[in-house]
Amino acid sequence: MGVVIGETAEIGDDVLIYQGVVLGGVSREKVKRHPTIGNRVVIGARAVLLGPIKVGDGAKVGAGSVVINDVPEGATVVGVPGRVVVARAPKRVSGIDLDHNKLPDPVIEVLHRLEKRIEDLERKVGQ
């Protein structure tokens, strides 16, 4: 599967785009309608970025995410719809952080909290 880059998309320097990424538009009007990607951005596999949004320098977009709002500089976005889970990543001197497999997963974090809550409630009921 290839990468789709809309005609008004802009991509900065040192950007890493994995397979299946879409930088798409949300209209057919002849205006700026595709994303603007900053420098040193990592966009995970099959992520979809739609509309004239801006992705700030040093941001990360998790695999499979659907991003429809601006992404601040240094932020990490995951999910459908995309949500900022890390507001500002630490600066890296050596360039792009390729540890894409270490992005936080807010869904699994919620599931872990629910599991703990259920265990606590079962303990209380069993007394």
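The side chains of D120 and K116 meet in a salt bridge at 3.4 Å, N to O, a salt bridge being a side-chain nitrogen of Lys or Arg within 4 Å of a carboxyl oxygen of Asp or Glu. D120 and K116 are 4 residues apart in helix α1 (residues 106-126), so about one helical turn separates them. D120 also forms a salt bridge with R123, with the closest N and O atoms 2.4 Å apart. Both D120 and R123 lie in helix α1, 3 residues apart, about one turn of the helix. R123 is exposed, with a relative accessible area of 51%; buried means under 20% relative accessible area, exposed over 50%, and partly exposed in between (1.4 Å probe, protein chains only).

The model is predicted, with local features requiring pLDDT of at least 70 and side-chain atom pairs counted only at pLDDT 80 or more, whereas totals for chains, interfaces and linings use all residues. Residues are numbered from 1 along each chain as its sequence is written, and side-chain values use heavy atoms, with hydrogens and water left out.

The salt-bridge count comes to 5. One of these joins E7 to K30, with the closest N and O atoms 3.7 Å apart. E7 counts as exposed at 56% relative accessibility, and K30 counts as exposed at 71%. E7, K30 and R33 are linked in a network of salt bridges.

The chain contains 1 helix and 12 strands, where helices (H or I, at least four residues) and strands (E, at least two) are DSSP runs numbered from the N terminus. Of the 127 residues, 31% count as buried. The chain exposes about 8100 Å², of which carbon and sulfur atoms supply 55%; accessible areas come from the Shrake-Rupley method with a 1.4 Å probe, and for residues only the protein chains shown count as cover.

An open sheet of 4 strands has the order β1-β4-β7-β10 with parallel pairing, two strands being paired if DSSP finds at least two bridges between them. β1 (4-5) and β10 (66-67) stand at the edges with a single partner strand each, so one side of each is left without a neighbour in the sheet. β1 runs parallel to β4 (residues 22-24) and is joined to it by 2 bridges, with I5 opposite L23 in β4. A further open sheet consists of 5 strands in the order β3-β6-β9-β11-β12, with mixed pairing. Its edge strands, β3 (16-17) and β12 (83-86), each pair on one side only. β3 and β6 (residues 42-43) run parallel and are joined by 2 bridges; I17 stands opposite I43 in β6.

S27, in the loop between β4 and β5 (36-37), counts as partly exposed at 30% relative accessibility. The side chain of S27 reaches the backbone nitrogen of E29 at 3.5 Å. S65, in the loop between β9 (60-61) and β10, is buried, with a relative accessible area of 1%. A polar atom of the S65 side chain lies 3.1 Å from the backbone nitrogen of G79.

Key:
A polar contact is a pair of N or O atoms within 3.5 Å; within protein, one must be able to donate a hydrogen and the other to accept it, and residues adjacent in sequence count only if both atoms are side-chain atoms.
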